[in-house]
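Have a look at the chain first.

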Amino acid sequence: MSAAWTHRHLIDVDILTADELTLVLDLARSMSASRAAGTTEPVLHHQTMATVFAEASTRTRTSFQLAARALGGDVVSIEAATSSLSKGESIIDTVRTLDALGVGVIAIRHPDDGAARVATDHFRGHVVNAGDGSHAHPTQALLDLYTLTEHLGADGIRGSKICIVGDLVHSRVARSGIWALTTMGMDVWVTGPREFLAGFETWAAELPAGRRLTITDDLGAGMRGAAAVMALRVQRERLHGSAAPTEAGYAVAWGITEARLVAACPDAIVMHPGPVNVGVELPDDVASGPRSVITCQVANGVPVRMAVLALLAGTDA
């Protein structure tokens, strides 16, 4: 692989420069074409990838598995409910076990912030963070960026406005996404109920100088003139007694309806990292309507994760 990529693991996108992000996107386009033509190079031949998921997942886990198989790799699936994780085994012991068994790549999802980084200290292969707590979800950020370039153009994203709406404080998708989007020059606005913004400002203050990020609790201002609107899932499992609005109240005040889109950003595309709480973040006519690129995001997870796995494998050379 290109000497421009030197990273052995992918824990978050904050390690990636604009050139490295472009490298991933370009390779993902190539992977998409070669997969469609049946000409993908089996760069993971004789390697095994383990998906270690201590949280439920459909899109991320399945697309990692499809990506590894498309590159000629073998795949094993480790889930909390059916592994020794359910008996109290630590993530460190699980990773050490997989290392001893000869697994070469781990895609790990865990409810604890930092779990993927801890795994890198105990594993001789490659670790990809598939989502850890509220910390990071780098491959989701990459596939969202890839999807935006498909619809706005590779050069069209710079300076374009994107509005991210919803549960910012609990969202690993938002954190990784904002970092990647601002690295590529997008004008990012985030908005949601004050309860979903409290504490997020602290993280945002650590972004490098010059990044274009605006935080507001004014939904209309956030959406106005946006080329894309991304709704975030209301994460009830992480609220733990929070005074956040009810789902019905959220839908009325913050749901991304067609009327709101027409009023604020009539040409915007609509995104969501999934799973969608239909009728809460998005009504069905928007979630499945002509503006929606949600299924494109899902499909793009495979070539993007193929690109990441291929780049990581290239560091073994």
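Q: Which residue of E6 is the bridge partner of Lys-161?
A: In E6, Lys-161 has Asp-187 as its bridge partner. A quick heads-up: this is a predicted model, where local features need pLDDT of at least 70, side-chain atom pairs count only at pLDDT 80 or more, and totals for chains, interfaces and linings use all residues. Residues are numbered from 1 along each chain as its sequence is written, and side-chain values use heavy atoms, with hydrogens and water left out.

Q: What makes E5 and E6 a pair?
A: Two strands (DSSP runs of E, at least two residues, numbered from the N terminus) pair if DSSP finds at least two bridges between them. Strand E5 (residues 161–165) and strand E6 (residues 187–191) are joined by five bridges, so they pair, and they run parallel.

Q: Why are E7 and E9 said to stand at the edges?
A: The open sheet has five strands in the order E7-E6-E5-E8-E9, with parallel pairing. E7 (213–216) and E9 (269–271) each have a single partner strand, so one side of each lacks a neighbour in the sheet.

Q: Why is E5 called largely enclosed?
A: Buried means under 20% relative accessible area (exposed is over 50%, partly exposed in between; 1.4 Å probe, protein chains only). Five of the five residues of E5 are buried, so E5 is largely enclosed by the rest of the structure. Lys-161, Cys-163 and Val-165 cover one side, Ile-162 and Ile-164 the other.

Note on methods
Helix = DSSP H or I, 4+ residues; strand = E, 2+ residues; numbered from the N terminus.
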